[in-house]
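Student: I am new to this structure. Please take me through one residue closely, and then through its surroundings.

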Amino acid sequence: MSILSDRWIREQATQHGMIEPFVEAQRREGCISYGLSSYGYDARVADEFKIFTNIDSAVVDPKDFSSNSFVDRQTDVCIIPPNSFALARTVEYFRVPRDVLVICLGKSTYARCGIIVNVTPLEPEWEGHVTLEFSNTTPLPAKIYANEGACQFLFLKGNEPCETSYADRAGKYMGQRGVTLPRL
């Protein structure tokens, strides 16, 4: 398995729609960087947020998740309460090739502030907006900036195409748009 270069990412994005919209080069002027990097792609967070709240004293249950656990906000700057989290999504829509697995890591700018970005791997032939989890590990409120960089996606090519892809098994998060809550 090898990591794929900027050249490969650009070709897949521009000729096969792997990343839409695609930003050709890193943008950094006055913002948290995003766009194509040497061996990855730094995606932006959209302005749609679901901020965790305990107003209704809900229990977090992955098998029976209550949407009452979140407050929806559309904003340029999301404030995450201390020791809490928010869900968001990428601006970009991804279409993963059959012989590729995509791993996501948080941006160092956020990590150095105690803000962790978590994303599960993007499996072969999965497509959609990526749901992002921002965890504020600090005792202070934390800001997330919409339409700026949030995380970096790394593209790993398998030694051969997989036998069964995410699309083949009709994965439950296939084609998701917007911020997507847990599904069973």
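Tutor: T180 is buried, because its relative accessible area is 10% and buried means under 20% (exposed is over 50%, partly exposed in between; 1.4 Å probe, protein chains only). The model is predicted: local features need pLDDT of at least 70, side-chain atom pairs count only at pLDDT 80 or more, and totals for chains, interfaces and linings use all residues. Residues are numbered from 1 along each chain as its sequence is written, and side-chain values use heavy atoms, with hydrogens and water left out.

Where does T180 lie? It sits in the segment after β13 (149–157). Strands are DSSP runs of E with at least two residues, helices are runs of H or I with at least four, and both are numbered from the N terminus.

Now its partners. Leaving aside neighbours within four places in sequence, T180 is in contact with T131 and Y173. Contact means heavy atoms within 4.5 Å. V130 is 50 residues away along the chain, yet the C-alpha atoms of T180 and V130 are separated by 8.6 Å.

Step back to the whole protein. It has two helices and 13 strands. Buried residues make up 45% of its 184 residues. Take the contacts between residues at least 6 apart in sequence: 74% of them join residues at least 24 apart. The C-alpha trace spans about 50 × 40 × 25 Å along its principal axes.
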